[in-house]
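Subject: Handover of a structure, with notes on its cavity and helices

Dear colleague,

Please find the structure below for your records. The notes that follow it set out what was found.

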Amino acid sequence: MSEVIESLAHEGGTVLVTALATGLVGAARGLPRLWRREGTEERMAAELERSARELADAQPESHDAGARVAVVWETRLRDLLLSDPAARDELQQLLTEIRREHPRVATATTQHITASAPNSTAQGVIGGSIHNHAPAAPPGLGARPSSDTQA
């Protein structure tokens, strides 16, 4: 499977859920049109409404509903892009239009980093820099013995 299709399907699912979760259901209304050649445009419109209701009914602090809905739409979009390559340009245009008209629907990137070994360090950055500053050495470590110390 093409990385372009994977990336676009993931981006589409993320943008769609962000729009729905922030109450911008109207911004996503053009999405079901992508399924018109497959004859399932009405079914996808109903699924879009169902997803919007699911997100609206979810607890504000719960990210489970958003993640679940995003995966569902990512899968739907991936399947569509694989069966209808012409939909790729349409989806890209729709995502560009949604972002342009609704700036708060910018794609967010999440990074999870885990360091589990003793004394391990994990770092990550998205669109920025990492600056490491070594801690001061504890007294007695790394210091040279003075010349007046007898061995």
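A cavity is defined here on a 1 Å grid over the protein atoms alone, as a set of points where a 1.4 Å probe fits but cannot get out; lining residues have an atom within 4 Å of a point. Grid points are joined across faces, edges and corners, and a volume is the space filled by probe spheres set on the points. Rolling a probe the size of a water molecule over the atoms shows where empty space is left.

The model is predicted: local features need pLDDT of at least 70 and side-chain atom pairs count only at pLDDT 80 or more, while totals for chains, interfaces and linings use all residues. Residues are numbered from 1 along each chain as its sequence is written, and side-chain values use heavy atoms, with hydrogens and water left out.

Cavity

By the rule above, the count comes to 1 cavity of 30 Å³ or more. The largest cavity has a volume of about 40 Å³. Its lining consists of Gly12, Val15, Leu16, Ala28, Leu31, Leu77, Leu94, Leu95 and Ile98. By class, the lining holds 8 nonpolar, 1 polar and no charged residues, where Ala, Val, Leu, Ile, Met, Phe, Trp, Tyr, Cys and Pro count as nonpolar, Asp, Glu, Lys and Arg as charged, and the others, Gly among them, as polar.

Overall architecture

The protein chain has 4 helices and 0 strands, and from the N terminus on its elements run α-α-α-α. Of its 151 residues, 30% count as buried; buried means under 20% relative accessible area, exposed over 50%, and partly exposed in between, with a 1.4 Å probe and protein chains only. Among contacts in the protein chain with a separation of 6 or more, 66% come from residues 24 or more positions apart, contact meaning heavy atoms within 4.5 Å.

Helix α1

With 19 residues, α1 reaches 27 Å from its first C-alpha to its last, close to the 27 Å expected at 1.5 Å a residue; the expected span is 1.5 Å times one less than the number of residues. At the start of α1, a side-chain oxygen of Ser2 comes to within 3.0 Å of the backbone nitrogen of Val4. A polar contact is a pair of N or O atoms within 3.5 Å; within protein, one must be able to donate a hydrogen and the other to accept it, and residues adjacent in sequence count only if both atoms are side-chain atoms.

The buried residues of α1 include Glu11, Gly12, Val15 and Leu16, and the buried residues of this helix pack against α2 (41–57), α3 (64–83) and α4. Ala21, which also belongs to α1, is exposed at a relative accessible area of 52%. Just after α1, Gly23 takes a positive phi of about 80°.

The loop between α1 and α2

Ala28 is located in this loop and counts as buried, at 1% relative accessibility. Leaving aside neighbours within four places in sequence, Ala28 is in contact with Leu16, Leu20, Leu48 and Ile98. The C-alpha atoms of Ala28 and Leu16 are separated by 6.5 Å.

Helices α2, α3 and α4

The 20 residues of α3 should span 28 Å at 1.5 Å a residue, and its end C-alpha atoms are 29 Å apart, which agrees. Among the buried residues of α3 are Trp73, Glu74, Arg76 and Leu77; what covers the buried residues of this helix includes α1, α2 and α4. Arg76 has a relative accessibility of 16% and so counts as buried. Beyond its neighbours within four places in sequence, Arg76 is in contact with Trp35, Met44, Glu47, Arg50 and Ser51.

Arg50 lies in α2 and counts as partly exposed, at 39% relative accessibility. In α4, Glu97 is partly exposed as well, with a relative accessible area of 36%. The C-alpha atoms of Glu97 and Ala27, 70 residues apart along the chain, are separated by 8.7 Å.

Yours sincerely

Definitions and conventions
On a 1 Å grid over the protein atoms alone, a cavity is a set of points where a 1.4 Å probe fits but cannot get out, and a pocket is an open set with protein on both sides within 12 Å along at least five of seven lines; lining residues have an atom within 4 Å of a point. Helices (H or I, at least four residues) and strands (E, at least two) are DSSP runs, numbered from the N terminus.
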